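The following questions and answers examine a predicted model.

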Amino acid sequence: MEKLSVKKPFTILVAVILVLVLGVVAYFKMPPDLLPNMDFPYVMIMTTYPGASPERVEEDVVRPLESALGTVKGVENLVSTSSENYGMIQLEFADGTDMESTLVKISSALQEAQASLPDMAGTPSIIEISMDMMATMYVSVSRDGYDIFQLSAFVEDTIIPALERQAGVASVSGLGLVEQSVHIELDKKKIDKLNADL
């Protein structure tokens with residue numbers, strides 16, 4: 001290598017300049033990203049139904065939406081969850097599915113199905129699952145002299161609101177937080193005695 005650089009200095013100079021130019025071009029043309037750009041073949045549909053029990057949500061909201069979404073081409077798996085006040089449906093599509101056109105078809109199917117939903121039900125929301133939904137930072141919190149209940153309240157009332165106000169932060173959620181609760185156990189003998197007296 002030393003003999004080559006002495007005999008052909010111009011060639012070595014051109015090679016070094018070429019490497020530097022390629023490095024500069026790559027730096028500006030390739031944006032830094034912590035996560036790769038990936039398309040996940042999953043879509044979630046969430047619909048609110050205030051004041052409704054899970055059974056009512058299942059019957060009045062989830063089933064009509066399942067019927068409408070089942071006709072969308074490419075659906076491989078459909079999983080629904082009915083909870084109090086809302087219902088959620090997760091759709092799984094085949095790998096390689098064009099998600100942009102699929103989202104348009106899902107939106108059309110939901111518009112048609114909305115006429116059969118109760119008046120109190122909200123408009124179904126489409127949530128496309130992507131890498132951006134995943135947390136990019138986890139932070140642990142400790143504080144001297146605080147027990148687990150005080151620390152949980154401190155995180156909930158102070159830390160989370162402060163982080164949510166920062167620029168570029170989409171959402172903040174707490175893990176492992178605990179709340180104090182009261183467990184009341186009635187004395188069955190006293191209740192039976194009171195019932196007997198009545």
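Q: Is Thr-47 buried or exposed?
A: Thr-47 has a relative accessibility of 1%. The cut-off for burial is under 20% relative accessible area. Because 1% falls under that cut-off, Thr-47 counts as buried.

Q: In which strand is Thr-47 placed, and which residues does it touch beyond four places away in sequence?
A: The place of Thr-47 is in strand E1. When residues up to four places away in sequence are not counted, Thr-47 touches Val-61, Leu-65, Asn-85, Tyr-86, Gly-87, Gly-122 and Pro-124.

Q: What is the order of the strands in the open sheet?
A: The sheet is open, has four strands and shows antiparallel pairing. Strand E2 (75–83) and strand E4 (125–128) each have a single partner strand, so they stand at the edges, and one side of each is left without a neighbour in the sheet. From one strand to the next, the twist averages 20°. The order is E2-E3-E1-E4.

Q: Which residue in E3 is the bridge partner of Val-43?
A: Strand E1 (residues 42–48) pairs with strand E3 (residues 86–93) in the antiparallel sense, over seven bridges. In E3, the bridge partner of Val-43 is Leu-91.

Q: What angle does the direction of helix H3 make with that of E2?
A: Helix H3 (residues 54–69) packs on the sheet and touches E1, E2 and E3. The direction of H3 makes with that of E2 an angle of about 165°.

Q: Which residues touch the most other members of the largest nonpolar core?
A: The largest nonpolar core has 22 residues. E1, H3, E3 and helix H4 (99–113) each supply at least two residues of this core. Not counting residues up to four places away in sequence, Ile-106 touches Val-43, Ile-45, Leu-69, Val-72, Leu-91, Phe-93 and Ile-126. The members that touch the most others are Leu-69 and Ile-106.

Q: What pattern does the protein chain follow along the sequence?
A: The protein chain contains six helices and four strands. Read along the sequence, the pattern is α-α-β-α-β-β-α-β-α-α.

Q: What percentage of the accessible surface of the protein chain belongs to carbon and sulfur atoms?
A: Buried residues make up 20% of the 198 residues in the protein chain. The accessible surface comes to about 15500 Å². The part that belongs to carbon and sulfur atoms is 57%.

Conventions:
Residues are numbered from 1 along each chain as its sequence is written. This is a predicted model: local features need pLDDT of at least 70, side-chain atom pairs count only at pLDDT 80 or more; totals for chains, interfaces and linings use all residues. Side-chain values use heavy atoms; hydrogens and water are left out. Two strands pair if DSSP finds at least two bridges between them. Axes are lines fitted to C-alpha atoms, for helices over the stretch in contact, and angles run from 0 to 180 degrees between N-to-C directions. Contact means heavy atoms within 4.5 Å. Buried means under 20% relative accessible area, exposed over 50%, partly exposed in between (1.4 Å probe, protein chains only). Accessible areas come from the Shrake-Rupley method with a 1.4 Å probe; for residues, only the protein chains shown count as cover. A nonpolar core is a set of buried Ala, Val, Leu, Ile, Met, Phe, Trp, Tyr and Cys residues joined through side-chain atoms within 4.5 Å.
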